[in-house]
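Please open the structure in a viewer and keep the selection tool at hand.

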Amino acid sequence: RRERTWGYLMRAIYLSNHPGEKLQAIRRQRQAAEEQEMTHYREAVAQHQARVVAIRRERAEARMQRRWWAWFRLSFSVLFTGRDAPRRPSPPMEPSHQEEIFAAGVAGELYVENQIAPAFGDDWILFRGYKNRRGEIDGVLLGPGGLFALEVKNRNATVHIDGDDWWCDKYDRYGNLVEEGKPFVDRGGRSPSREVNEPANELEKFLRSRGQPVPIQRFVILVHERSDLGTTRNLTVGVATSMDWLIGVVKESQSTIEAGQLAELERLIKKDHRHHQQRQAVR
């Protein structure tokens, strides 16, 4: 677990970094594949050069022995073998779609942290990567104004919502519509609202069982500069397309948590995350 501070500003505690770890693993795989391809190329070049040298040596011997037909045949072999040199590998591989998704996630979460930090004092904490048995929450923000669960999405899309059903119209970097009505779900089929609500409900339940019945306000943050909201009905979470709006909502929260309770909540959140992380490691 790492902690980041900005002087008298909000603290950030890194409980886990699943997107960052996945991104590094994917990048290592891509780099390993590139290195393996280059190794095969170098081996092929060495073998090709050895064949050319061997044919030239044989041709020189044929000339010294005045075996003109063999010399003539070997001269053509040198010519054609030289043209058959291995092709150099193509330029470095482009990032895969999965790598781009994780990179966008990492960038989005860091953007949110950097936007929130200057807005709150050191009596606020942002827990990054809190996990329990129902999933992971990108950010759990704790301070005198309450407890907030934040799910960050970094997509160039117009997002439509009906309760816990989410779908989106995706655009390319030039603003062209490339996919319409695509379900907005994770690999487990959960919409962003379910991604944050399910672990937040579990955390709320845990805190209540430890004598800390603190409600958790839930938000999905659309951080891409071209993210937009389309049709929205029956929202089960707050949805933010502006960090200024989200910060304003947090600051205007009617909840009040005293310093002693804040310390206990911090301890319990760390403890619960550690418990579930250890259980997951045993499996």
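Helices (H or I, at least four residues) and strands (E, at least two) are DSSP runs, numbered from the N terminus, and two strands pair if DSSP finds at least two bridges between them. The model is a predicted one, in which local features need pLDDT of at least 70 and side-chain atom pairs count only at pLDDT 80 or more, while totals for chains, interfaces and linings use all residues. Residues are numbered from 1 along each chain as its sequence is written, and side-chain values use heavy atoms, with hydrogens and water left out.

Begin with the whole chain. The protein chain holds 6 helices and 11 strands. Of its 283 residues, 41% count as buried, where buried means under 20% relative accessible area, exposed over 50%, and partly exposed in between (1.4 Å probe, protein chains only). The accessible surface of the protein chain comes to about 16,500 Å², and 48% of it belongs to carbon and sulfur atoms; such areas come from the Shrake-Rupley method with a 1.4 Å probe, and for residues only the protein chains shown count as cover.

Next, select strands β8, β7, β6 and β10. In that order they make up an open sheet of 4 strands with mixed pairing. β8 (177-183) and β10 (228-233) are the edge strands with a single partner each, so one side of each has no neighbour in the sheet.

Now select residues 157-162, which are strand β6, and follow the antiparallel pairing with β7 over 6 bridges. His-160 stands opposite Trp-167 in β7. The hairpin of β6 and β7 has 2 residues between the strands, and Gly-163 there takes a positive phi near 65°.

Move on to β7 (residues 165-171), which pairs with β8 in the antiparallel sense over 4 bridges. Which residue in β8 is the bridge partner of Trp-167? The partner is Pro-183. Further along, Lys-170 stands opposite Glu-179 in β8. The hairpin of β7 and β8 has 5 residues between the strands, and Gly-175 in the turn shows a positive phi of about 90°.

Finally, select helix α2 (residues 68-83), where Trp-69 lies. Is Trp-69 buried or exposed? Trp-69 counts as exposed because its relative accessibility is 65%.
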